[in-house]
Amino acid sequence: QSQDEAASRPQEEATPTPMLPSSPQGLCTSPAEREGLDALLSALEPTIGAEKEAGRDWPEVVGEAAVLRFLRFFNYVVSDAAAGFKTAMKERGRSGAHALRRRLHSPVPDVYWDFGRLPHADRVLPAWAEFLPTGSTDRTGDVLLYLNRSLLANFERLTSTVTREEFLEFRLAREIQMQLLLQHLTEQQGRVVRQTVVVDLAGCGISELIHHAIGPAVREYRGSFDTKESFIMFPETGSRLFVINSPRMVATAFTVLKSLMPAATAQKYTFCPHQYRPMLRGAIDEDALPCEYGGTLRVPTVHEVVRRGSRGSHSGSSSDETGPLTMRPSRVSRSSRLSSSWSSSEYADAVPASPAAAVGKAAVSVSGTDVANPRRARHMGARQPWWSRMGLSPRNVWS
């Protein structure tokens with residue numbers, strides 16, 4: 001009998017079962033982590049049972065990997081992780097995340113790479129693109145996201161064409177779709193997949209970073225979603241953050257703050273003002289690095305993202321004749337590299353004609369400039385000198 005069991009064991013390992021909430025064998029964990037996860041699953045049994053009875057038996061929400069994210073986020077304190085999970089379920093119900101998840105779910109996982117299918121993406125992305133997926137992963141299998149200065153487009157244009165409610169719906173939908181993508185890759189790899197982000201601050205000044213990150217108008221418009229609700233509902237999704245070409249003052253300030261952070265959090269952040277290519281190549285394969293960083297990957301522009309997303313529906317179905325939308329970018333050879341994959345001139349032309357465009361034309365003129373005019377909008381926001389945005393003149397600055 002033992003020989004029969006031994007003979008059948010390799011067969012079972014060769015065909016692993018897909019990871020489901022009720023069958024957690026597919027996720028690789030250490031014995032200590034498994035013990036804590038089992039204790040947390042036991043504590044959350046009534047809460048998870050209620051979600052399943054309500055028809056929300058979703059692996060990325062109540063599955064083993066989702067629960068493990070809470071356990072890691074709360075430093076393996078089971079009681080804190082259980083309280084955080086229950087709070088997240090309440091927040092999802094309050095924010096309308098359940099309805100958005102039903103719209104975004106698709107039987108074709110490749111559509112999760114396409115951010116152009118998100119609600120209001122045709123107006124949000126050209127004005128405030130934030131992080132765009134590349135369709136690739138780093139050497140550990142985590143999703144790669146890139147951000148550079150041209151994606152910090154124009155806050156004034158955003159507020160003139162997108163209402164605050166629409167922007168928050170887009171942000172929530174973005175996190176839900178990323179959660180679906182991470183769950184799909186987690187099931188493929190048998191480990192909790194997260195995100196690796198590369199932020200290029202070349203050309204960004206201190207005042208510009210403050211304006212886009214913690215400016216009063218930006219904080220009022222964006223609310224507390226990025227600093228509170230997103231951490232409650234979507235914990236432990238970040239793996240590493242590489243900040244390259246950063247101003248020296250930013251790198252110095254972070255060095256001080258890093259000493260105050262927990263060790264597990266501090267090791268996720270890497271600042272490299274210069275000579276960053278060896279560091280990136282150590283973590284990311286050449287075919288997953290954009291051309292401007294020494295790789296061979298051409299990252300889709302915002303215009304391409306919006307155009308592809310407009311061909312599909314927001315419900316996640318892929319029954320149209322064009323087939324499923326994918327964000328798998330083409331790779332180019334070294335001899336045909338583009339000088340820049342992100343051309344800021346494309347953002348002004350990326351918004352298709354729509355009734356929402358009339359909103360910007362009718363209303364909004366910021367500092368005497370018509371931000372609804374695409375060509376004039378190019379000279380605002382990130383391309384406007386910092387001293388001009390602060391109401392100063394060159395003479396004042398020199399003084």
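Me: Which residues do ring pairs link into a cluster?
Reply: This is a predicted model, in which local features need pLDDT of at least 70, side-chain atom pairs count only at pLDDT 80 or more, and totals for chains, interfaces and linings use all residues. Residues are numbered from 1 along each chain as its sequence is written, and side-chain values use heavy atoms, with hydrogens and water left out. Rings of Phe, Tyr and Trp (its six-membered ring) pair if their centres lie within 6.5 Å; planes under 30 degrees apart count as stacked, over 60 as edge-to-face and the rest as tilted. Such pairs link Tyr 146, Tyr 276 and Tyr 293.

Me: How many residues of strand β2 are buried?
Reply: Strands (E, at least two residues) are DSSP runs, numbered from the N terminus. Buried means under 20% relative accessible area, exposed over 50%, and partly exposed in between (1.4 Å probe, protein chains only). Val 143, Leu 145 and Leu 147 point one way from β2, while Leu 144 and Tyr 146 point the other way, and all are buried. For β2 (residues 143-147), the count is five of its five residues.

Me: In β3, which residue is the bridge partner of Leu 145?
Reply: Two strands pair if DSSP finds at least two bridges between them. β2 and strand β3 (residues 195-200) run parallel and are joined by five bridges. In β3, the partner of Leu 145 is Val 197.

Me: In which sense do β1 and β2 pair?
Reply: The hairpin of β1 and β2 has five residues between the strands, and Gly 141 takes a positive phi near 100 degrees. Over three bridges, β1 (residues 132-137) and β2 pair in a sense that is antiparallel.

Technical notes
Helix = DSSP H or I, 4+ residues; strand = E, 2+ residues; numbered from the N terminus.
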